[in-house]
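Let's take a walk through this protein chain, starting with its overall layout and then zooming in on a few spots. Keep the picture open while you read.

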Amino acid sequence: MSLPVEPRFLCDEMLGRLARYLRFLGYDVEYRQGVRDEELVRRSREDDRLLLTRDRTLAQRTRRAVLLRSLAVEGQLRELSREVPDLDRGVRFLRCSLCNGPLYEADRSTPRPPRGVPEDRWGGPDPVYICRSCGQAYWEGSHTREIRLTLARAFGHEVSPGEGGSS
Ligand SMILES: [Zn+2]
């Protein structure tokens, strides 16, 4: 399958969790519920996105689809990495997991933390990222540790001590 350098994805309704994980990997992932199959096929073609689905019939409607069989997100990521061998397997703070908006690194020179960011996190050493579209904040912490553990289970790699965060 020939893909652009940085593939973009379109997840069908059943794959909301996978969409969030792919965004944590830094990918541009469209996910909307209640969209008809014809519309998904059209979006995939027009917006140059690889359609990810667990629906065999839908997958057969376009060559730009990957049929996933696993119910669990770990298995889905593993299956996808076989189809897309260059798939990034680590957390990149590039995309909002909630809305797919682009993230930017917050300017730490302002004394007050943005909405949703604890004071101690704002004053700490690690960068804080903000979604340009919805304002959601992201940083290394217990949440990213859980995500990295899931990715480790999916891809079978070790989580190095520096990767997990300490909170
Ligand atoms: Zn967002």
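## The overall layout

Going along the sequence, the protein chain runs β-α-β-α-β-α-β-α-β-α-β-β-α. That comes to 6 helices and 7 strands, where helices (H or I, at least four residues) and strands (E, at least two) are DSSP runs numbered from the N terminus. The chain's radius of gyration is 17 Å, close to the 15 Å that the globule rule gives for 167 residues, so it is as compact as a globular protein of that length. That radius is taken over C-alpha atoms, and the globule rule is 2.2 Å times the number of residues to the power 0.38. Along the principal axes, the C-alpha atoms fill a box of roughly 55 × 35 × 25 Å.

This is a predicted model, in which local features need pLDDT of at least 70, side-chain atom pairs count only at pLDDT 80 or more, and totals for chains, interfaces and linings use all residues. Residues are numbered from 1 along each chain as its sequence is written.

How do the residues of β3 point? In this strand (residues 50-53), L50 and L52 go one way while L51 and T53 go the other, and all are buried. Buried here is a matter of counting: 20 or more other C-beta atoms within 10 Å of the residue's own, with 12 or fewer making it exposed and anything in between partly exposed (C-beta atoms are placed from the backbone). Of the chain's 167 residues, 24% count as buried.

β3 pairs in the parallel sense with β1 (residues 9-11) over 3 bridges, and also with β4 (residues 65-67), again parallel and over 3 bridges. To count as a pair, two strands need at least two DSSP bridges between them. L51 in β3 stands opposite L10, and L51 also stands opposite A65 in β4.

## Helix α1

Helix α1 (residues 16-24) has L18, A19, Y21, L22, R23 and F24 as its buried residues. They pack against β1, β2 (29-31), β3, α4 (73-83) and α6 (142-155). After α1 comes G26, with a positive phi near 100 degrees.

## A look at A137

A137 sits in strand β7 (residues 137-138). Why does A137 count as partly exposed? Because it has 19 C-beta neighbours inside 10 Å.

Leaving out residues up to four places away in sequence, A137 touches P114, G116, V117, V128, Y129 and I130; a contact means C-beta atoms, placed from the backbone, within 7 Å. A137 and V117 are 20 residues apart in sequence, yet 6.6 Å apart in space, C-alpha to C-alpha.

Methods
Contact = placed C-beta atoms within 7 Å.
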